[in-house]
Amino acid sequence: MEVGPDEKLSQLVEYLTTSGQQVLNPDKMRELKKICKLSEEYVKHVYHLIMRQLNQEHAEIRLSAFQIANELFIRSHQFRLLLISNFQEFLELTVETDYEQPLPPPKEAAQKLKEMAIKTIQEWQDKYGDGYKKLSLGYHFLKQIKKVDFQDIRARTQAERKREEERSKRLENINKMRVKRVEEEMKEMSEEIENALTEMEACFKLLLPSLSEFTFSDEGSQFKQDSLDKTSNGSSTTSRERVDHQWASNHIDDEQPCSSKDLSPLVNTVPEEQQLDEELDNFSQNEDDKSGNFEDNEEIIRNYGLLSHKYSLDLEINTDLKINEDEDNTAVINNVKDFQRLITNKYLPTVQCWIQTFTKAGISDNRLRRAIDLKSAIDGIIEKHDEMNIHCKKRHRKVMKATDEDDDDDDDDFVEVPEKEGYEPHI
């Protein structure tokens, strides 16, 4: 059974607009154009089919219908008259000139439809604007009233800009509310966070005291140094006074007048030549002692294997810390564990949320710096906790189970009392 032209046109338009392809099927389009050439009635029928598809709540169907309309608009005067006669509705369905009637989803297809429609209307105006007054009026309506920038690739209409402005204002109000809430939280929790960090740092010092706490104070060392200096100065002064006293006594003796009674006999005097020989012998003996000491030093170095004075030593020191829990530090370690859970699970996520809120709101003043400083302090204390490498004891939980024997024991605790004669209890 053969299908009529009207039915065939309906099938072709349905297929072309619902195929989901970005480009129209050339064979189907040739078949549609061939039928339209037969009569203007078919052109009118296709126009109504296209307008029906343009009213569908699906951007891809509208995009394909607009492509069919463009093909027929270029080739048919009758189709141009029909389309321009209802040009306002056509613009609302393709360019989104009505703010209350946005283009349907999907968003990507809607944006592409809008861009293609504005670009095509610009081409229609350049080619057919002088011959079709309504087309020229529609073009100027878009350009002057709706503020459509035909040179803009993204084709941002006034309605779209208005929606973006409202969206920006709404986001700005939301960010202001969030910033205000964060400021209140910072006032309440900043001191609490700092106190927790300080207490955790104090626990670290109890577990691993600093070496500076075990060194001598500078005042004591200075006192000892001053005492040593005074002792050395005193001894040097005493020795110097003795030498000066001896030198002065010798000179005083030399300055006394000489008499024949003070002269010693010639037999007991030592000739000057003999005295010089003794001094030379003493000097040579001292030189021999020095050379002997030098040879002893060389022998010591040779025995220890250090044949050169230019050498270096590489020392490997293990800096890994490991703190084991015992009876003395159990309480401190329990406090550290409690603070670590509190800081990791509560304070750190809260401070990160503060920084994220300030960043989204575009705030870069002291509030953001304050939040960043708190995060840096928290990261530092967590890193120090990891470096401490604390090993805790294994704790076993004891669960008490009720048994029948316990129930029997409870019953045994009750004492039976005999009833009194003549006593009737009233309940």
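**Figure 1. Helices α1 and α2 run roughly antiparallel to each other.** The two helices pack at an angle of about 150 degrees, and because angles over 145 degrees count as roughly antiparallel, the pair falls into that class. In this predicted model, the axes of α1 and α2 are 10 Å apart. Helix α1 passes α2 in a left-handed crossing. On the α1 side, the residues that meet α2 are P5, K8, L9, L12, V13, Y15 and L16. Their partners in α2 are K28, M29, E31, L32, I35 and C36. By type, the residues of this contact comprise 10 nonpolar, no polar and 3 charged.

**Figure 2. The protein as a whole contains 14 helices and 2 strands.** Of the 427 residues in the protein, 27% are buried. Among contacts with a separation of 6 or more, 70% are between residues 24 or more positions apart.

**Figure 3. The largest nonpolar core has 48 residues.** Within this core, the residues with the most contacts are L32, I50 and F79. Eight elements are listed here by name as giving two or more residues to the core: α1 (5–18), α2 (26–36), α3 (40–54), α4 (59–75), α5 (77–85), α6 (87–94), α7 (107–128) and α8. A second, separate core has 32 residues, including I193, I355, F358 and I390. In soluble globular proteins, nonpolar side chains tend to be buried together.

**Figure 4. Residue S136 lies in helix α8, which spans residues 133–145.** Its relative accessibility is 16%, and because buried means under 20% relative accessible area, S136 counts as buried. When neighbours within four places in sequence are left aside, S136 is in contact with Q125 and G129.

**Figure 5. The loop between α6 and α7 holds both E96 and P106.** Most residues other than glycine have a negative phi, and most peptide bonds are trans. E96 is not a glycine, yet its phi is positive, at about 65 degrees. With a relative accessibility of 3%, E96 counts as buried. The peptide bond from P105 to P106 is cis, with omega near 0 degrees.

**Figure 6. Helices α12 and α13 come within 9 Å of each other, as judged by their axes.** Two packed helices are described by the angle between their axes and the distance between the axes. Helix α12 covers residues 330–360 and helix α13 covers residues 366–388, and their axes cross at roughly 150 degrees. That angle makes α12 roughly antiparallel to α13. The crossing in which α12 passes α13 is left-handed. From α12, the contact involves V336, Q340, I343, T344, Y347, L348, V351, Q352, W354, I355, F358 and T359. From α13, the contact involves R367, L368, A371, I372, L374, K375, I378, D379, I381, I382 and H385. The residues of this contact divide into 15 nonpolar, 5 polar and 3 charged. Two of the α12 residues named here, I355 and F358, are also included in the second core of 32 residues.

**Figure 7. Residue N389 is found in the loop between α13 and β2 (390–391).** N389 is a residue other than glycine with a positive phi, near 55 degrees. The relative accessible area of N389 is 33%, and this residue is therefore partly exposed.

Methods: Residues numbered from 1 in each chain as written. Predicted model: local features only at pLDDT ≥ 70, side-chain atom pairs only at ≥ 80, totals over all residues. Heavy atoms only, no water. Axes fitted to C-alpha atoms, helices over the stretch in contact; angles between N-to-C directions. Helix = DSSP H or I, 4+ residues; strand = E, 2+ residues; numbered from the N terminus. Parallel < 35°, antiparallel > 145°, perpendicular 65-115°, else oblique. Left-handed = near helix turned anticlockwise from the far one by under 90°. Contact = heavy atoms within 4.5 Å. Nonpolar A, V, L, I, M, F, W, Y, C, P; charged D, E, K, R; others polar. Buried < 20%, exposed > 50% of the residue type's maximum accessible area, 1.4 Å probe, protein only. Core = buried A, V, L, I, M, F, W, Y, C linked by side-chain atoms within 4.5 Å.
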